[in-house]
Amino acid sequence: MRYLLSHLDDAWALTVIHLRLSLIPIVLGLLIAVPLGALIQRTTTLRRLTTITASIIFTIPSLALFVVLPLIIPTRILDEANVIVALTLYTTALLVRAVPEALDAVPEPVRDAATAVGYKPLVRMLKVELPLSIPVLIASLRVVAVTNISMVSVGSVIGIGGLGTWFTEGYQSDKSDQIIAGIIAIFVLAIVIDTLIMFGGRLLTPWTRASRIGRPKVKAAA
Amino acid sequence: MNFLQQALSYIFTAANWGGPAGLAARIAEHLQYTVVAVLVSVLVAVPIGMLIGHTGRGTFLVVTGVNALRALPTLGVLLLGVLLWGLGLVPPTVALMLLGIPPLLAGTYAGIANVDRAVVDAARSMGMTESRVLLRVEVPNAMPLILGGLRTATLQIVATATVAAYASLGGLGRYLIDGIKVRQFYLALVGALMVTALALILDAALAFAVWASVPGTGRLRRMPQPLLGDEVVLESGSRSQRTSVARYEGGDPSLTVGG
C-alpha cells in the first residue's frame with residue numbers, strides 16, 4: 001500500500017498504458033462484432049460457423065498469441081500492437097456470439113410491431129432491435145472489459161508495459177509491496193471500468209427501470 | 001514462416017521429448033498445475049453454487065464475488081504467492097483458482113436455479129428430502145451447465161498455467177519465456193503451439209462430456225459451445241429476468257449453456 005501511495009505518478013502513467021491496451025480492443029471488437037453479429041443472427045449456418053471459429057480462437061492462450069502474432073502479421077515481436085490485435089481477437093470472439101444472443105432476447109411481438117408500423121429491416125435493426133438488446137450486450141461487455149484488464153498484465157512477462165510491469169519488477173527485486181500495489185491498482189481499475197460500463201448501460205436503457213416499476217401493476221391488473 | 005518450420009521440426013524430433021526438461025516432462029508439469037487447480041476450484045465453487053442455487057439466497061454474493069475474483073490479476077497473485085510461500089504447488093494453484101472459480105460458480109448456480117420449478121415441486125411432493133431434491137433431481141438436470149462451467153474453467157486455467165514458468169515453476173510456458181529471453185523465437189513458438197494443442201484437446205474432451213450429460217433425448221440435436229456464456233447468462237439473467245425465463249420455457253436446458 002505504501003508503495004502505491006509513494007509512486008502515484010508511476011501508477012498514473014502505467015494506468016494510461018494499461019487502459020489503452022485493454023480498452024482499444026473493446027472498441028474495435030464492438031465495431032466488428034455488432035455489425036457481424038447482426039448480419040449472422042438469422043442465418044443458422046453462418047451463425048454456427050462463426051460460433052465454432054470464435055470458440056477455437058478463444059482456446060488459444062493469450063501469452064501464446066502475443067508471441068505468435070508477429071509471425072503472422074507484420075508487427076515487431078515485442079510491439080504493443082500485438083497485444084491490441086490479440087485482445088481484439090478475443091473480444092470479437094466473445095462478442096460475436098453475444099450479439100446474436102442479445103438480439104434473440106428481443107421479444108418477437110416487438111419485432112413484428114416494428115415491421116407493422118413500417119420499419120425496413122435495416123432501420124428496424126438500428127432503431128429497435130439493437131437498442132433493446134443493450135442490457136444483454138452490456139453484461140457481456142462487462143465480462144470482456146474485466147478479463148482484458150487482467151489479461152494485459154500477463155503481457156508484462158514478455159516485456160509489454162502497463163501495470164503488470166510492477167509484478168515483474170517487484171518479483172525480480174523481491175519486493176512484495178510493489179506486487180501488492182500492482183494487484184490493488186489493477187483490481188480498482190477493473191472495478192471502476194466495470195461500474196462505468198454498468199452505469200453507461202443504465203443511461204442508454206432508461207426504459208428498463210420504468211418497466212420494473214410498472215410490472216407489479218400489470219400483474220395486479222391481470 | 002521459417003520460425004514455424006523450425007518449431008515443427010523441434011516438436012517432431014524425438015530427442016526433444018525425453019529428459020527432465022523435455023517436452024513430455026513439461027506437458028506433465030503443465031497438466032499437474034491444471035488438474036490440481038481445477039480440482040480445488042471445483043471443491044470450492046460447486047458446493048457454494050449448489051447451496052445458493054438451491055436456496056435462492058445470496059445471489060448478489062455470486063454476482064459480486066464472481067466479478068471481484070475475475071478482476072484480480074493472475075500474474076500478480078502468482079508472483080506474490082511465490083515470494084510469500086516459495087516455489088511449489090501452492091502459488092500456482094491459488095492464482096489459477098481465481099480463474100477457475102468464477103465460471104464454475106456461475107455455471108453451478110445458474111444450472112441449479114434454472115431447473116424447471118415444476119420438476120422440483122414434483123420431487124418434493126413425492127416426499128424427497130431437501131438434500132435428495134438437490135442431489136437426485138436438481139444436480140442431474142443442471143449437469144450440462146455445471147460441466148459447461150468446468151469446461152470454461154479448465155480452458156482458462158490450462159491457457160494461463162503458461163505464466164507459471166515466469167516464476168521458475170516449469171510447465172509449457174518455459175519454452176515461451178526462455179525462447180523470448182534468448183531471442184530464439186522458434187522455441188517460443190514451440191511453447192505456443194503445444195499449449196494451444198493441449199487446450200484444444202482438453203476442450204474437445206470436455207465438450208463431449210457436456211454433450212453426453214444433457215438429460216433426456218434432446219442431446220443429439222445440438223452440440224454445446226460455452227465460453228464465458230454461462231457467466232453472461234448469470235449477469236444478464238439477474239438484471240432482466242425475461243431472457244432466462246424465455247430460455248427455460250423453451251424446455252431445453254442446454255440452451256442456457258449459451259448456444
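Two residues are in contact if their C-beta atoms, placed from the backbone, lie within 7 Å. In this predicted model, residues 24 or more positions apart account for 73% of the contacts in chain B with a separation of 6 or more. Chain B has eleven helices and zero strands. Along the sequence, its pattern reads α-α-α-α-α-α-α-α-α-α-α. Chain B has 259 residues, of which 51% count as buried.

The interface was examined from the side of chain B. Here 45 residues of chain B are in contact with 46 residues of chain A. At least two residues each come from α1 (2–11), α3 (59–71), α4 (74–85), α7 (130–160), α8 (173–181), α9 (185–213) and α10 (229–239) of chain B. Helix α9(B) gives the most to this side, with ten residues. By residue class, the side of chain B that touches chain A holds 28 nonpolar, twelve polar and five charged residues.

The largest nonpolar core has 129 residues. V67(A) and L176(B) touch the most other members of this core. The element that gives the most to the core is α5(A), with 14 residues. Leaving aside residues up to four places away in sequence, V67(A) touches I158(A) in chain A.

Helix α3 of chain A covers residues 44–59, which makes 16 residues. From its first C-alpha to its last, α3(A) reaches 23 Å. That is close to the 22 Å expected at 1.5 Å a residue. Buried positions in α3(A) are T50(A), T51(A), A54(A), F58(A) and T59(A). Within chain A, the buried residues of α3(A) pack against α2 (8–40) and α5 (80–104). They also pack against α7 and α9 of chain B.

I183(A) counts as buried because 24 other C-beta atoms lie within 10 Å, and the cut-off for burial is 20 or more. Its contacts, not counting residues up to four places away in sequence, include L72(B), P73(B), G76(B), V77(B) and L80(B). W166(A) is 17 residues from I183(A) in sequence. In space, the two are 8.9 Å apart, C-alpha to C-alpha.

D174(A) lies in the loop between α9 (165–172) and α10 of chain A. Its phi is positive, about 60°, although D174(A) is not a glycine. D174(A) has 9 C-beta neighbours inside 10 Å and therefore counts as exposed, the cut-off being 12 or fewer.

The mean pLDDT of chain A is 84, and 93% of its residues reach 70 or more. Among the elements of chain A, helix α6 (residues 108–116) has the highest mean pLDDT, 91. Helix α11 (residues 206–221) has the lowest, 57. Over residues 214–222 of chain A, the pLDDT is below 50. Beyond near neighbours in sequence, this stretch has zero contacts in the model. Where pLDDT is low, the predicted coordinates should not be read in detail.

Conventions
Residues numbered from 1 in each chain as written. Chains lettered and ligands numbered in written order. Predicted model: local features only at pLDDT ≥ 70, side-chain atom pairs only at ≥ 80, totals over all residues. Helix = DSSP H or I, 4+ residues; strand = E, 2+ residues; numbered from the N terminus. Nonpolar A, V, L, I, M, F, W, Y, C, P; charged D, E, K, R; others polar. Expected span 1.5 Å × (residues − 1). Core = buried A, V, L, I, M, F, W, Y, C linked by C-beta atoms within 7 Å. pLDDT = per-residue confidence, 0-100.
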